Amino acid sequence: MIWNTNLRWRLPVTCLLLQVALVVLFGVFVRYDLDADPHWIGSQGDENTTSDMENEFYYRYPSFQDVHVMIFVGFGFLMTFLQRYGYSSVGFNFLLAAFGIQWALLMQGWFHSYKEGYIRLGVENLINADFCVGSVCVAFGAVLGKVSPVQLLIMTLFQVTLFSVNEFILLSLLEVKDAGGSMTIHTFGAYFGLTVTWILYRPSLHQSKERQSSVYHSDLFAMIGTLFLWMYWPSFNSAVSKHGDAQHRAAINTYCSLAACVLTSVALSSALHKKGKLDMVHIQNATLAGGVAVGTAAEMMLMPYGSLIVGFICGIVSTLGFVYLTPFLESRLRIQDTCGIHNLHGLPGIIGAIVGAVTASCADAKVYGIKGLANFFGFDGFKTSWDSSMQGKFQAAGLFVSLAIALVGGIIVGVILKLPFWGQPADENCFEDSVYWEMPEELKSTVLHPEDSTLKPAEP
Amino acid sequence: MIWNTNLRWRLPVTCLLLQVALVVLFGVFVRYDLDADPHWIGSQGDENTTSDMENEFYYRYPSFQDVHVMIFVGFGFLMTFLQRYGYSSVGFNFLLAAFGIQWALLMQGWFHSYKEGYIRLGVENLINADFCVGSVCVAFGAVLGKVSPVQLLIMTLFQVTLFSVNEFILLSLLEVKDAGGSMTIHTFGAYFGLTVTWILYRPSLHQSKERQSSVYHSDLFAMIGTLFLWMYWPSFNSAVSKHGDAQHRAAINTYCSLAACVLTSVALSSALHKKGKLDMVHIQNATLAGGVAVGTAAEMMLMPYGSLIVGFICGIVSTLGFVYLTPFLESRLRIQDTCGIHNLHGLPGIIGAIVGAVTASCADAKVYGIKGLANFFGFDGFKTSWDSSMQGKFQAAGLFVSLAIALVGGIIVGVILKLPFWGQPADENCFEDSVYWEMPEELKSTVLHPEDSTLKPAEP
Amino acid sequence: MIWNTNLRWRLPVTCLLLQVALVVLFGVFVRYDLDADPHWIGSQGDENTTSDMENEFYYRYPSFQDVHVMIFVGFGFLMTFLQRYGYSSVGFNFLLAAFGIQWALLMQGWFHSYKEGYIRLGVENLINADFCVGSVCVAFGAVLGKVSPVQLLIMTLFQVTLFSVNEFILLSLLEVKDAGGSMTIHTFGAYFGLTVTWILYRPSLHQSKERQSSVYHSDLFAMIGTLFLWMYWPSFNSAVSKHGDAQHRAAINTYCSLAACVLTSVALSSALHKKGKLDMVHIQNATLAGGVAVGTAAEMMLMPYGSLIVGFICGIVSTLGFVYLTPFLESRLRIQDTCGIHNLHGLPGIIGAIVGAVTASCADAKVYGIKGLANFFGFDGFKTSWDSSMQGKFQAAGLFVSLAIALVGGIIVGVILKLPFWGQPADENCFEDSVYWEMPEELKSTVLHPEDSTLKPAEP
């Protein structure tokens, strides 16, 4: 089927409408949190011993910047592995994330930071907005190369909304702990994206097969993404943890899990190749699974060896997934998962949720201290009657809620994106930058098939 | 015209002379600030409640590192978009910045950190030196591909000097607020650079036209620069703001402005192409204009929606500039602006100065609190009789001073750089690495014209 | 000689065995430090004025992340300059570092953090593990392109062990100051690596000569590594310094030294080329020598001008080394040093050790203050009778111990790695990714010689 991929009016209008709406909503709803407001200096003076250092900014800002790099460089470059889709990988990720963080500030703000008629913005909101967009970047990995930027903006609009609802249910209603987002970000993002790509199934995608692989330099660009994700993941999992030991512990656990994951990914990658050669796809992706899978439990008393075990398992599971499960999903279940997000975010996300539930169940005052246990899980307020096993059950419930919302939401959004007027590329023009980008001279006339509408004269 | 581009003696002698001079001047003038001196431990012991955390290092160091990345990787890689000028873009930027920061430590030190016969170095000086060099990197964008490294070192020497004078007039004499440097860094840097390139006008530059564009991978390298600039810009605009809420607010405002700027840049880029395709040049550059334009006002009560509006406007203005203004400047005004810095730093810098003046004018005790207002604008000392509207007027004055010094300074420096013995390339060898770099074998003999002196035997 | 390079069983078994052993050892030995344990909240409550900010995490975490980037992106990409070894440079560095940090946590933990039967992990341990692995990355530079990943894992196992022993002797027995690791990391790593490559001498390596150089884009990838190393080096040298002024001073000194080093590297690179052209190898490597050489003295009162002088000298020495010493080492001493680590880490490391010893010798109470001097050098406990000149002598002793352990250790490890069953490549297949990596289609059949075992049918 041939669609019109000329976005001259559709993309500008979508962008401008969304941005105008955001400006208006920000004008009505968004103000600064006390820590970012000049009145802070007065409020602070009341307490004698307080220093400027107590501003939330200094607790969270370095982690925020690391997370920011993961979203824009990490996810953006990770997807540049395709030989002819580098502009779109980096560029569309940039676009959807820039839109998504603004919309997430509003959605998450209404649910979590709404005080006296206004959303109050502070550095923690910025981190959470980046987190929310992280789940969109995950889903983008499944549909990479097969959708137009207009579709991506629409998907982001809906996914951020659903993410915020799901997050509210988990964190506020079920009182689930999920600081690194194994459930809210990775599981939700992955199964949402897989459902969308399942709805958008393209039976003739094999026509673009020759572009659905890497070239030498594109793999090196992708390693930039991989490494920044890998290195900054300890910041990701600890960014919104409680001050002090919880944040400290989350970073240590993530560091350990990721290190172990690299060794088992390499081991399996070599073992599964008939000549023992390593596959860049596994090194680029499976090595990160350990970070996903300690997302929930990183701030808990998982113990360093527990983190190594989680990373150990995830490197194996994820690499096996790339070798056996992805082809199976594509051929049997009609799920075309471009980046293999099921192996990097789906399965490890579920493992992470389970690890989190089990770790929470096992929490006791011997390990955490009485004060530490109450403080960490917040067993007060309406949770006074809770114990660890109760917490564990709610953790597990959180996983199922995330999966349910991802699947139902994914179907609805997939159906909307299937409408034929969003400028999506034809099957034979997938994974191809020149559909949406002005290309350098050398490459201009080489790839597109003549029937591509982008080569016809532009509509008036 | 054919110049001798063999730098064998000119470049080494320039580098070594400058570096020896710097060593001597550092020896005579530069010592550590108290916070970086072993006596700090004694001074600190006087106050009972003070912790090591109160050392300025912990307030500013993470932001410093982000700014450092922007100067060296951000600006360096942003300019690698040219197909045959990657070595020079990254390498010369590295060279001029490494020289510039040392000279800036001295110049800014004399003006701002001179106590009892010595310049006192602390982390804030390092940030300010990076800022100062940022303005040189901006100007480098205008002359990129057309100057020799010797010319760049000379330009840096003068520009850092002029920058420091201008900064002193603005910050110390006019008491202007400009923490993110819309005026001091971007407006000054851009119009200085544009004036220099105007003086250095090359009528036959079209002979190098085929190299003045990108190739596929060079655009991806440039995106590394773009993204690191974009992601770390909140640190840039907040790095030297007052501790606490001002630093916090500056980061939030910049985050918002940049996000909005991406959407309008994409919208305009697509709308201005006849087939609705995106242009990498706009994505690489116009998306950053929002960061430039909140440089002055980011730490003020611009409000999040105000930041979005600034970003919204700058994405549009900057993209329009690339499409319509840059060709006009080149053909009519003889300003050959290689990277389009007028669109990324010039216009947005002016917008930023205006936004800052207006925001300062509107400041009142209702929004800032009485204590906050006095604290933020420093309405004490000789400013006791000031009010916000007075501050606004001085802000506006700062813009004109910056423009004036940039234009006059640019003319003088341009004339100096026009002298024929600095090793500049011939018109047909512009935008070409092999003039100044030993190249890998594959590329050695392909590009240069035979009359190029670099292909003749070396002078004795 | 033809070796079997099929790693199908050797690499997976090595990785899995090592990782299982690490899990078991972590289970038996590793727990959280108090600052990362939920009991922290109780311990902290005892002191009234203490805030969450006093958690060690906030003092060290931003520096940790910078160091982490240096190890994985910095070293990884620095070595991608080879035209056909990018996958291996980044990928094997990733593998060895991920293994090395886990083993370093144990080795260094036993020596330095062993309390009541357990190693106590905190953020400082993570930094030190990264440091330890940094010395392995240095050594990897010498053998780059000539060893298999199995050999690298074995080298890492031994080198981390030896590093920890050497570090214990220097820091705990000799009470040497070496916060930035001029001796423990760079000198040790370089001479260990050079000894290993000397033992592994390949007389027919010239058969791979055409791949032992760069191509245009591979040099740009390498510059990513260079710049991240250069920019974050101030964090490297200050990461484990004492809180407050020492950490602050270490960052300033490193910043100064690196800046000066760039100018003299450029000067020498141009002066040593007959047409005055710059060589990318020098820009990529010699510019970093200044960071190595202030590793020991950065936290001392080296003074800013002292740092400039160190950088000045190292840029010259390192560039001269690349031009004259590396070819000499290869042809006369049979030391094939792929990345020239002798020039970047060896010589500057020795210079750094000497600078440190001299600076320590000159320390007096006039410069440091009485309190500062005692506090900084820890002249108490069994050091009560020490003075600065004593400290200087022990510093010098540390250099000789490091060299001795590096040479003896390097010989032993080199002999182990020479055994013929580790899957090392044949001389004509060195510097070639396709020996160990599944390659993209375009490149698959172009390079390897027919006698290469990887092209034969796989063993059963």
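1. In this predicted model, chain B holds an open sheet of 3 strands in the order 1-3-2, with mixed pairing. Strands (E, at least two residues) and helices (H or I, at least four) are DSSP runs, numbered from the N terminus; two strands pair if DSSP finds at least two bridges between them. Strand 1 (30-32) and strand 2 (114-115) of chain B are at the edges with a single partner strand each, so one side of each has no neighbour in the sheet.

2. On the basis of the model: because it is predicted, local features need pLDDT of at least 70 and side-chain atom pairs count only at pLDDT 80 or more, while totals for chains, interfaces and linings use all residues. Residues are numbered from 1 along each chain as its sequence is written, chains are lettered from A and ligands numbered from 1 in the order in which they are written, and side-chain values use heavy atoms, with hydrogens and water left out.

3. The parallel pair in chain B is strand 1 with strand 3 (residues 118-121), joined by 3 bridges. Y32(B) is opposite L121(B) of strand 3.

4. Strand 2 and strand 3 of chain B run antiparallel and are joined by 2 bridges. K115(B) has Y118(B) in strand 3 as its bridge partner. These two strands make a hairpin with 2 residues between them, and in the turn E116(B) has a positive phi of about 50°.

5. Helix 4 (residues 86-112) of chain B lies across strand 1, strand 2 and strand 3 of that chain, at about 110° to strand 3. Axes here are lines fitted to C-alpha atoms, for helices over the stretch in contact (heavy atoms within 4.5 Å), and angles run from 0 to 180 degrees between N-to-C directions. On strand 3 of chain B, I119(B) and L121(B) form the covered face, and Y118(B) and R120(B) the uncovered one.

6. Which rotation relates chain A to chain B? Chain A superposes on chain B by a rotation of 120° with 0.0 Å of shift along the axis (RMSD 0.0 Å), by least squares on C-alpha atoms of residues with pLDDT of at least 70 in both. That is the relation of a three-fold axis. In chain A, P62(A) comes closest to the rotation axis, at 3.6 Å (C-alpha). The copies use different surfaces, as 10% of the contact residues of chain A recur in chain B.

7. The contact involves 81 residues of chain A and 71 residues of chain B. About 6500 Å² is buried between chain A and chain B, 74% of it from carbon and sulfur atoms; buried area is the accessible area (1.4 Å probe) that two parts lose on being put together, summed over both. Between chain A and chain B there are 0 salt bridges (a side-chain nitrogen of Lys or Arg within 4 Å of a carboxyl oxygen of Asp or Glu).

Conventions:
Buried means under 20% relative accessible area, exposed over 50%, partly exposed in between (1.4 Å probe, protein chains only).
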